[in-house]
Amino acid sequence: MGRRIKSLLFFLFISQFTFAQVTGTVSDHNNLLPYVNIYTEDGSHGTTTNEEGVFELRLPKPGSYNLVFQYLGYQTLRKKIVVDKFPFQLDVQLTSETTTLDEIIVNSKDNPANRIIRNAIATRKQNLAKLEQYTANYYSRGLWRIKNAPEKILGQELGDLGGGLDSTRSGVIYLSETISEITFRAPDDFKEKIIASKVSGDDNGFSLNSAEESEFSFYKNTININAEIVSPISDYAFNYYEYKLEGIFYDDEGHLINKIMVNPKRPKDRVFSGFIYIVEDSWQIYGTELKTTGQAIQVPPIEELTFTQNFKYSEENKFWIKISQAVDFSFSMFGIGGDGRFTAVYSNYNFEPQFEKRTFTREVLSFADQANKKDSLYWNSIRPVPLTTEELTDYLKKDSIQELKNSKKYLDSIDTKKNKFSVSNILFGYSHSNSYKKQRFSISSPLFGTHFNTVQGYNTSLDVSFRKNLDDNFGKYWRIYSKMNYGFNDDRFRIKAGFQKKFNNISKPILNVEIGVETAQINPTLPISERINDITSLFFERNYLKLYERQFAEISYQQELFNGLRLFSDISYQQRNALFNSSNNSWVNRDNVTYTSNDPLQPENFESAPFENHHIFKMNISGRIDFGQKYLSYPDNKVNLSSNKFPTLWLTYEKGFGGNIKEYNFDQIRVALIQTIQLGNKGNFGYTVKGGAFLNDKEISFLDYQHFTGNQTRIGNGSYLNKFNLLPYYELSTKNNYLELHAEQDFQGWILGKIPLINKLNYNLILGAHALSIENNKPYTEFSVGIDNLGFGKYRLLRLDYVVSNYQGKTDGAFIFGLKFLGFFE
């Protein structure tokens, strides 16, 4: 405790006297005001008050300065100060802005707010173009708090989350800061170089704060926050909002500012609510106080997101520029609640930068050398927003115990608690960790591993693994693992084992070696899960799972060769044996329904096999090309960013050779194109196009046919952009050339959000189309209409589609019930 007090006194000393040259508070006579913008009149130096209304302004030398204090809802204050020496104490009081409607001539035929918004919409593109390129300095701070965290989740100890939780299971779980240089060119060229990064409690950590991800421009038609949320000044804003002019006021330079209340026509639409401030005549944004909800962005745990932006007039550039932004959020799920804030401060804009050809590359974020090694002296000399008492305490607390938390004694004590066996481990599995040695042993639950199929009857699997991390960030590791399976009816024990190693977290090369014997689905795309097959078999006598036995040895390797191209390869020896039904057990006997054989080609012949037993060598080489892929460069990690601007292309060559049945040798090439396109307020359009060709005309094994992802269960799971929902699993399996198409339009409220009463349910309308064309065969098609985001309250885990299929003149239709949570129970 004495060491912590000394650290606190030292921190306060260097904070208050060494660097905080002009310090003080900003209030409104009654309350301290958070996030007030403070800057010198020429804009060369600036800061912001923290959450407690405290500010620190660093000036180059004593002298006379004109300071500007700007805060939404308050009169802008200009104050001249004469600084004889540092530190200089300055406490300021702001006066609430008095808005008035006295000067406005109200026309009964037109809402005065509508006139302002129409002008803002008309000049939106023009104002956006003024920000088409710039460089700037950027400061960010992220803070997450959690309240009433449980001791356990799904039987697993939650711990104190890195020392963030106090005795009430509440506290700060994430606190981080960055200092960056950002470069932007419209429409989407962006570069950020982080000069300094600080994470509370982790001297080696790198902040997750990102300038690009926190760039929210209300001059754009929509703002992407998981969903496309419509801006109050978008081209189609009047379809979504009603406006009320709360009043007008003049800033200290005589600009007339309109304060406009933004009200959604349909509160559960993809919309904001709150206030937007528009400058008369230029129709530029003066500030925003806009909020949206978790329902609007369709992230159920989020309760509310509030965007507060402040702009100042640049005399040099003749337009209003953003100088600060705060994004406040609150969340609640499973009894856990919390809140937080991401603060951003922009300074030193240059709107006439001279870009070179290589200024912008695919790398959008990088770190300067030793960016995470800056000490407290550095941060107190450069931090534009002072720390609050809570933030200062969090830094001191976590930094002081960081060495302790990395010690063997402490880690062993935590492991001892976590490694205790409990009844819940029977259901969820058990893990034993040695955190100091970076080792972990895991064994799965035999209950979750128990299934039923007509080949093995009841069977149970046990997964065992041991992992050794070779660094602190899990970027390098090796592990050994094994899966054991026993079938009670066929009385067969099968086991496979493997070794895997990941060499680094940049190109992410992974080597895998595996050997053993297992049962495997005839269709390698795994169209039906074991858990769903358990249900369809035991309750409905529909044994859709078709299996064979594979004795194999396999080596696989994958690596990113260069940005945008990742290579996947494997080669294996396989002894493949046909299997037959050994059980007809079911819990519910249904009239006129019986199990089928394990041969998809002859479902009524229980003595037939779909192929002859054989051995063969197989080789696969695949390349995934992500066109225009951008990425984040961390010192020990490369994070690739998904993009909807270009599609992803897959190229695959598969070869079977060396088989003891020569006709089973084959060659196949496959191509796939995948993309999801964001359509603003109209939702998302996604498509998958796949095709393939066999390069020989032999009677290859049925195992190596091209099998398609069908569905006979009426239960949907996962993405529908790679499957047919009414196609029998093996009906159209082929060794001929084929072309496959899947497309979906998710309107995300664009249609249902406009229908009275239905719009209160926050559902999404989805239209789908699927087609399959096979050489020498008639095409198969499906069309669907569905509703997504079904459920109650925050639990939106369901989807319902009606699908119509057509093949050889026969039309079928059925409902498909989508269960988004199903993967948890696999």
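**First stop: the cavities**

By class, three nonpolar, four polar and four charged residues line the largest cavity (Ala, Val, Leu, Ile, Met, Phe, Trp, Tyr, Cys and Pro count as nonpolar, Asp, Glu, Lys and Arg as charged, and the others, Gly among them, as polar). Before you zoom in: this is a predicted model, where local features need pLDDT of at least 70 and side-chain atom pairs pLDDT 80 or more, while totals for chains, interfaces and linings use all residues. Residues are numbered from 1 along each chain as its sequence is written, and side-chain values use heavy atoms, with hydrogens and water left out.

Now select Arg266, Lys268, Asp269, Arg270, Gly749, Leu752, Gly753, Ile758, Asn759, Asn762 and Tyr763, the lining of that cavity. The space inside is about 60 Å³. A cavity here is a set of points on a 1 Å grid over the protein atoms alone where a 1.4 Å probe fits but cannot get out, and lining residues have an atom within 4 Å of a point. Points are joined across faces, edges and corners, and the volume is the space filled by probe spheres set on them.

Next, pick Tyr35, Glu51, Arg141, Gly142, Leu143, Arg341, Thr343 and Glu391, which line the second largest cavity, about 40 Å³ in volume. Strand E9 (133-147) gives the largest share of this lining, three residues. Strands are DSSP runs of E, at least two residues long, numbered from the N terminus.

**Second stop: two hairpins**

Show 780-792 (E42) and 795-807 (E43): these strands pair antiparallel over 11 bridges (pairing takes at least two DSSP bridges). Two residues separate them in a hairpin, and Gly793 in the turn has a positive phi of about 60°. Which residue of E44 stands opposite Leu800? Click on Phe817.

The model has 51 aromatic pairs, meaning Phe, Tyr or Trp (six-membered) rings with centres within 6.5 Å; planes under 30 degrees apart are stacked, over 60 edge-to-face and the rest tilted. Select Phe617 and Phe657: their centres are 5.7 Å apart and their planes at 20°, so they are stacked. The two sit 40 residues apart in the chain, in E33 and E36 respectively.

Finish at Lys312, which lies over the face of Tyr39, 4.4 Å from the ring centre (the rule: NZ of Lys or CZ of Arg within 6 Å of the ring centre and within 35 degrees of the ring normal).

Technical notes:
Helices (H or I, at least four residues) and strands (E, at least two) are DSSP runs, numbered from the N terminus. On a 1 Å grid over the protein atoms alone, a cavity is a set of points where a 1.4 Å probe fits but cannot get out, and a pocket is an open set with protein on both sides within 12 Å along at least five of seven lines; lining residues have an atom within 4 Å of a point.
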